Amino acid sequence: MARLRRVPRAEMTDPVVRLFHDRLILPGGGTATGSPGDWWEVFALHPAIFRHCVKGFELYRGTALDPVLRELAQVRAGWARQSQFVYSQHCKQLRALGVAEEKVRAVAHWPVSDVFGEAERAVLAYADALVLDGGRVPDEVFAALGRHLPDEQILELTYVTCLYEMHATMARALRLEFDDRPDPIVEVPAPDGYGTRDIADELTEDRTRNVADELTEDSPGR
């Protein structure tokens, strides 16, 4: 479950919060994309933050940046930040823009895929530099990006990609939407009877060293 309280529709007083909730949450709960819809209800706890988040959608209007390039960067940001929610939602948006399934799936392994054009590869490399390398962008990557996009569009791409990295991080931290899942990195239990054996100690016992010495003495050339 989400880690913060979900605001019921009856408690929503902010008109912007109510508007988005009524447009996106289905009568039986959840959204049209199959997500639980708890992002909208948790962020309704703080209407000012809610408004700040959704105001970012205004960037999608009247922009010269190719929406396919924008979504490629957002999908990659979701994948790189390990947010199943951001990754899933923007894969769907790529399909809505007419991007082939082969290309959508290849975002996860783009460096070894031949389905992307030069501009798309530059955008994906830039997204990796922003998300995986914390903004440490090699000059060569920036030069490749600059061959295809003017400064204004690079700024927009930078902002939107980092914005969705932030959303990916928040969704994971608060266990929202498709990121409401256990951490995949857990200890695998030892077999029954293992007890509290100290394998490191066993591997450094005298008898282990003696075997190693014998193997060395028996090796060719000794």
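Glu177 sits in the loop between α9 and α10. Its phi is positive, about 55°, although Glu177 is not a glycine. Most residues other than glycine have a negative phi. The model is predicted.

**Positive phi in loops**
- Glu177 is buried, because its relative accessibility of 3% falls under the 20% cut-off.
- Gln82 also has a positive phi, about 60°, and is not a glycine either.
- The loop that holds Gln82 runs between α4 and α5 (84–96).
- Gln82 counts as partly exposed, at 48% relative accessibility.

**Helix α7**
- Helix α7 covers residues 118–131, which makes 14 residues.
- At 1.5 Å a residue, α7 should span 20 Å.
- Most of α7 is covered, with 11 of its 14 residues buried.
- The buried residues of α7 include Glu120 and Asp128. Also among them are Val123, Leu124, Tyr126, Leu130 and Val131.
- Alanines are on the buried list too: Ala122, Ala125, Ala127 and Ala129.
- Four helices pack against these buried residues: α4 (67–80), α6 (101–106), α8 (139–146) and α9 (151–174).

**Nonpolar surface patch**
- Tyr194, Ile199 and Leu203 make up a nonpolar patch on the surface.
- Together, these residues have about 260 Å² of accessible area.
- Leu203 belongs to helix α10, residues 199–203.
- Leu203 is exposed, because its relative accessible area of 58% is over the 50% cut-off.

**Cysteines**
- The structure has zero disulfides.
- Cys91 is in no disulfide, and the nearest cysteine sulfur, that of Cys162, is 19 Å away.
- Cys91 is buried, with a relative accessible area of 5%.
- For Cys162, the closest cysteine sulfur is in Cys53, 15 Å away. That is too far for a bond, because a disulfide needs the two sulfur atoms within 2.5 Å.
- Cys162 counts as partly exposed, at 32% relative accessibility.

Key
Residues are numbered from 1 along each chain as its sequence is written. This is a predicted model: local features need pLDDT of at least 70, side-chain atom pairs count only at pLDDT 80 or more; totals for chains, interfaces and linings use all residues. Side-chain values use heavy atoms; hydrogens and water are left out. Helices (H or I, at least four residues) and strands (E, at least two) are DSSP runs, numbered from the N terminus. The expected span of a helix is 1.5 Å times one less than its number of residues. Buried means under 20% relative accessible area, exposed over 50%, partly exposed in between (1.4 Å probe, protein chains only). Contact means heavy atoms within 4.5 Å. Patches are made of residues with over 30% relative accessible area and no salt bridge: like charges are joined within 9 Å, nonpolar side chains (Val, Leu, Ile, Met, Phe, Trp, Tyr) within 5 Å. Accessible areas come from the Shrake-Rupley method with a 1.4 Å probe; for residues, only the protein chains shown count as cover. A salt bridge is a side-chain nitrogen of Lys or Arg within 4 Å of a carboxyl oxygen of Asp or Glu.
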